[in-house]
Number of protein chains: 2
Amino acid sequence: MGAELLDATFAALAHPTRRAILARLARSEATVTELAEPFEMSQPAISKHLRVLERAGLVSRGRDAQRRPCRLEARPLREATAWLADYRDYWAESYQRLDALLDELQAGDSTDVAPRPEQPDGTGG
Amino acid sequence: MGAELLDATFAALAHPTRRAILARLARSEATVTELAEPFEMSQPAISKHLRVLERAGLVSRGRDAQRRPCRLEARPLREATAWLADYRDYWAESYQRLDALLDELQAGDSTDVAPRPEQPDGTGG
DNA sequence: TGGTTATTTAACCAGGAGGTTATGAGCAAT
DNA sequence: ATTGCTCATAACCTCCTGGTTAAATAACCA
């Protein structure tokens with residue numbers, strides 16, 4: 001069960017558009033149209049991405065008249081983090097807390113580690 | 001920069017075979033043949049998986065006569081974790097440290113969160 | 001009843017992923 | 001140099017992904 005969830009979760013996270021969608025949803029709920037707006041691609045493409053995210057359990061959807069507001073869901077992110085955490089002896093030799101790690105990364109070399117990683121209009125790099 | 005690395009990293013993590021390979025490498029370096037042994041699939045298939053892992057920077061390779069020992073690399077795991085950590089307000093409402101999170105997960109519902117998630121011979125579930 | 005908005009579905013396409021078998025290349029040992 | 005082991009590459013297949021446009025569905029509004 002965990003394996004398939006991890007498959008879907010990591011696969012969902014592997015696309016910049018979907019990470020940007022999650023970043024947006026981290027700020028607030030949003031409708032499909034709202035989510036699609038900052039991107040160059042068509043709205044059905046966004047719907048497809050949302051389906052991937054939904055299949056991974058990363059977003060859930062409500063109902064507001066014709067709109068289907070999307071909400072970020074925690075559990076898959078939690079499981080993915082837990083999986084990665086089991087390797088922290090490797091990637092964080094002397095860090096005990098993520099805060100320290102983040103501090104180190106942000107001071108060091110990373111400018112887009114966070115919920116503004118890939119600008120929607122700069123997807124191609 | 002970070003975006004493309006995250007793409008490759010999460011994509012690499014999205015396959016149970018590759019996660020199992022990483023789990024194996026977390027214990028020790030290993031040659032391709034050693035890595036391929038527990039799996040049902042052919043050796044070229046493993047080579048392909050290793051190439052994906054290598055492209056993501058998750059493994060590096062040395063030289064020992066004919067053998068090409070694989071070693072787990074930390075940085076992409078670190079960046080992936082850092083990205084996920086930015087959502088910890090969602091997935092870990094009251095946890096400050098991963099240890100607490102792990103404790104909670106392991107006590108709760110997860111039996112395969114770790115470097116023995118998907119048994120190589122039980123890939124299909 | 002019809003029209004407008006929001007979203008999904010369908011049909012299609014190019015390209016990549018993940019597997020196979022067969023072959024080639026590098027190094028070692030006899 | 002021939003054999004044997006380790007690993008990579010090539011060629012091929014099938015299925016999925018990520019995008020498109022066009023049409024269908026669903027809910028509101030008049």
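Student: How do the residues of the surface near DNA strand C divide into nonpolar, polar and charged?

Tutor: Bearing in mind that this is a predicted model, the residues of that surface near DNA strand C comprise eight nonpolar, 10 polar and three charged ones.

Student: And which residues come nearest to DNA strand C?

Tutor: There are 21 residues around DNA strand C, and those that come nearest are Thr31(A), Thr33(A) and Arg67(A) from one chain, together with Ser42(B) and Ala45(B) from the other.

Student: Which helices supply at least two residues each of the surface near DNA strand C?

Tutor: Chain A brings in helix H3 (32-36) and H4, while chain B brings in helix H4 (43-55), and each of these supplies at least two residues. The largest share, five residues, comes from H4(B).

Student: Switching topic, at what angle do H2 and H4 of chain A pack?

Tutor: Helix H2 (residues 16-27) and helix H4 (residues 43-55) of chain A pack at an angle of about 75°, and their axes are 10 Å apart. H2(A) and H4(A) are therefore roughly perpendicular to each other.

Student: Which residues make that contact?

Tutor: On the H2(A) side they are Thr17(A), Arg18(A) and Ile21(A), and on the H4(A) side they are His49(A), Val52(A) and Leu53(A). In this contact of H2(A) with H4(A), three residues are nonpolar, two are polar and one is charged.

Student: What about H2 in chain B, is it largely enclosed or open?

Tutor: Nine of the 12 residues of H2(B) are buried, so this helix is largely enclosed by the rest of the structure. Among the buried residues are Pro16(B), Ile21(B), Leu22(B) and Leu25(B), and Arg18(B), Arg19(B) and Arg24(B) are buried as well.

Student: So what covers the buried residues of H2(B)?

Tutor: The cover includes helix H1 (2-13) of chain A and, from chain B, helix H1 (2-13), H3, H4, strand E1 (59-61) and strand E2 (70-72).

Student: Last one: how far apart are the end C-alpha atoms of H2(B)?

Tutor: They are 17 Å apart, which agrees with the 16 Å that its 12 residues should span at 1.5 Å a residue.

Key: Residues are numbered from 1 along each chain as its sequence is written. Chains are lettered from A and ligands numbered from 1 in the order in which they are written. This is a predicted model: local features need pLDDT of at least 70, side-chain atom pairs count only at pLDDT 80 or more; totals for chains, interfaces and linings use all residues. Axes are lines fitted to C-alpha atoms, for helices over the stretch in contact, and angles run from 0 to 180 degrees between N-to-C directions. Helices (H or I, at least four residues) and strands (E, at least two) are DSSP runs, numbered from the N terminus. Angles under 35 degrees count as roughly parallel, over 145 as roughly antiparallel, 65 to 115 as roughly perpendicular and the rest as oblique. Two residues are in contact if their C-beta atoms, placed from the backbone, lie within 7 Å. Ala, Val, Leu, Ile, Met, Phe, Trp, Tyr, Cys and Pro count as nonpolar, Asp, Glu, Lys and Arg as charged, and the others, Gly among them, as polar. A residue is near a molecule or strand if its C-beta atom, placed from the backbone, lies within 6 Å of it. The expected span of a helix is 1.5 Å times one less than its number of residues. A residue is buried if 20 or more other C-beta atoms lie within 10 Å of its own, exposed if 12 or fewer, and partly exposed in between; C-beta atoms are placed from the backbone.
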